[in-house]
Amino acid sequence: MDLSVLLLSLIPSFQSVYVLVFYFVYLAIAGEILPGKVIRGVLLSDGSQLRYRCNGLLALIFLVAILGICAKLGIVSPLVVADRGLELLSATFIFCVLVTLALYVTGRSSSDKSSSLKPHVSGNLVHDWWFGIQLNPQFMSIDLKFFFVRAGMMGWLLINLSILAKSVQEASLSQSMILYQIFCALYILDYFVHEEYMTSTWDIIAERLGFMLVFGDLLWIPFTFSIQGWWLLHNKVELTVPVIVANCLVFLIGYMVFRGANKQKHIFKKNPKTPIWGKPPVVVGGKLLASGYWGIARHCNYLGDLMLALSFSLPCGISSPVPYFYPIYLLILLIWRERRDEVRCAEKYKEIWAEYLRLVPWRILPYIY
């Protein structure tokens with residue numbers, strides 16, 4: 001693409017801003033009025049627990065239905081995202097910068113002493129803006145961290161659906177595109193079916209809300225996780241039956257490990273005595289689970305996540321490294337996150353952590369790493 005054309009494509013139009021505003025307003029309203037299971041978050045250091053309304057699946061179904069009806073009536077084009085992807089990307093980036101600056105200013109001026117809103121100020125402006133100051137800032141009673149994760153995951157599916165519509169319109173729909181779309185749709189729908197498990201993840205319970213998380217949720221997840229779809233839109237890949245079967249196995253095994261590990265951790269945090277794989281759980285120091293997937297590797301869920309990421313890219317073949325950006329990036333991110341997590345756990349649990357390392361020596365991939 002010509003550089004001047006590329007730069008012009010990055011300038012947000014009013015339509016791209018309207019799309020973004022509609023999307024956020026819809027999610028805010030739907031999140032508040034649609035019925036859903038109310039989940040208590042983990043116990044914070046001050047003894048409080050946040051509540052999360054897990055109605056993301058219903059909100060997603062309604063949104064897709066509304067957009068489908070609007071497309072049928074000619075109110076909105078199903079290609080609006082596929083045709084204006086770069087505009088939406090730059091508009092989202094600007095939004096991320098503005099909202100995190102607002103979070104920085106409000107966080108600095110907050111005098112709240114609760115664990116979720118207490119400001120953590122290092123004095124380094126860039127550090128505080130990047131990592132955030134407050135754990136769970138809110139806007140009009142909306143938990144922003146939970147809201148942004150939901151927006152990113154739904155955005156990923158909407159981008160994929162628009163890419164799919166464009167490939168159908170251009171008569172370029174291939175087996176590879178269908179396989180990629182099915183895997184991503186199943187993963188995203190499963191995420192919202194088990195949305196309550198998100199409330200016990202490291203991002204929600206430990207990471208403060210700054211540019212790192214906001215950018216990751218709103219821009220990185222939807223726009224980079226969909227690179228394979230954009231690539232397949234312009235590159236046709238023919239897959240053999242053995243390759244399709246192998247790809248499906250990678251997805252299914254990855255899903256089993258990822259979902260199984262996260263489910264075990266979530267259930268353990270709710271009730272530490274619940275049996276795992278039919279046996280009483282092995283617990284180190286009354287705090288650290290060393291049973292099931294968590295007895296195989298200390299971050300076994302990361303292994304499942306990496307296999308899923310790889311399964312999204314395998315339909316693209318091996319002719320280009322571009323579609324493998326997501327699994328390569330995820331590998332680097334998860335190793336970095338795992339290292340940070342282990343340092344924090346060593347400081348927090350001390351001798352208990354040392355015993356846990358003895359029982360579970362592998363970090364992510366047993367016998368290799």
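Reader: Which residues does valine 214 touch, not counting residues up to four places away in sequence?
Author: This is a predicted model. In it, Val214 is among the residues with the most contacts inside the largest nonpolar core. Leaving out residues up to four places away in sequence, valine 214 touches Cys96, Val99, Thr100, Leu103, Phe148, Leu209 and Leu219.

Reader: Which helix supplies the largest share of the lining of the second largest pocket?
Author: The second largest pocket holds about 740 Å³ of space. Its lining has 33 residues, with Val19, Leu67, Val80, Val81 and Leu158 nearest the centre. Helices supplying at least two lining residues each include H2 (14-33), H3 (56-72) and H10 (211-224). The largest share, 8 residues, comes from H7.

Reader: How many residues of the lining of the second largest pocket are charged?
Author: Of the lining residues, 26 are nonpolar. Another 7 are polar, and the number charged is none.

Reader: Which helix gives the most to the lining of the largest cavity?
Author: The largest cavity has about 70 Å³ of space. Residues lining this cavity include Thr100, Leu103, Asp128, Trp129 and Leu209; Thr100, Leu103 and Leu209 are also among the residues touched by valine 214. Two helices, H5 and H6 (125-131), each supply at least two residues of the lining. With 3 residues, the helix that gives the most is H5.

Reader: How many nonpolar residues are in the lining of the second largest cavity?
Author: About 50 Å³ of space lies in this cavity. Its lining includes Gly41, Val42, Leu44, Tyr52 and Ile205. By class, 3 lining residues are polar and no residues are charged, while the nonpolar residues number 6.

Reader: What share of the contacts between residues at least 6 apart in sequence join residues at least 24 apart?
Author: The protein has 15 helices and 6 strands, and 49% of its 369 residues count as buried. Among contacts between residues at least 6 apart in sequence, the share joining residues at least 24 apart is 76%.

Reader: What is the radius of gyration of the protein?
Author: The C-alpha atoms fill a box of roughly 60 × 55 × 40 Å along the principal axes. For 369 residues, a compact globule would have a radius of gyration near 21 Å. The protein agrees with that, so its value is 21 Å.

Methods. Residues are numbered from 1 along each chain as its sequence is written. This is a predicted model: local features need pLDDT of at least 70, side-chain atom pairs count only at pLDDT 80 or more; totals for chains, interfaces and linings use all residues. Side-chain values use heavy atoms; hydrogens and water are left out. On a 1 Å grid over the protein atoms alone, a cavity is a set of points where a 1.4 Å probe fits but cannot get out, and a pocket is an open set with protein on both sides within 12 Å along at least five of seven lines; lining residues have an atom within 4 Å of a point. Grid points are joined across faces, edges and corners, and a volume is the space filled by probe spheres set on the points. Helices (H or I, at least four residues) and strands (E, at least two) are DSSP runs, numbered from the N terminus. Ala, Val, Leu, Ile, Met, Phe, Trp, Tyr, Cys and Pro count as nonpolar, Asp, Glu, Lys and Arg as charged, and the others, Gly among them, as polar. A nonpolar core is a set of buried Ala, Val, Leu, Ile, Met, Phe, Trp, Tyr and Cys residues joined through side-chain atoms within 4.5 Å. Buried means under 20% relative accessible area, exposed over 50%, partly exposed in between (1.4 Å probe, protein chains only). Contact means heavy atoms within 4.5 Å. The radius of gyration is taken over C-alpha atoms; the globule rule is 2.2 Å times the number of residues to the power 0.38.
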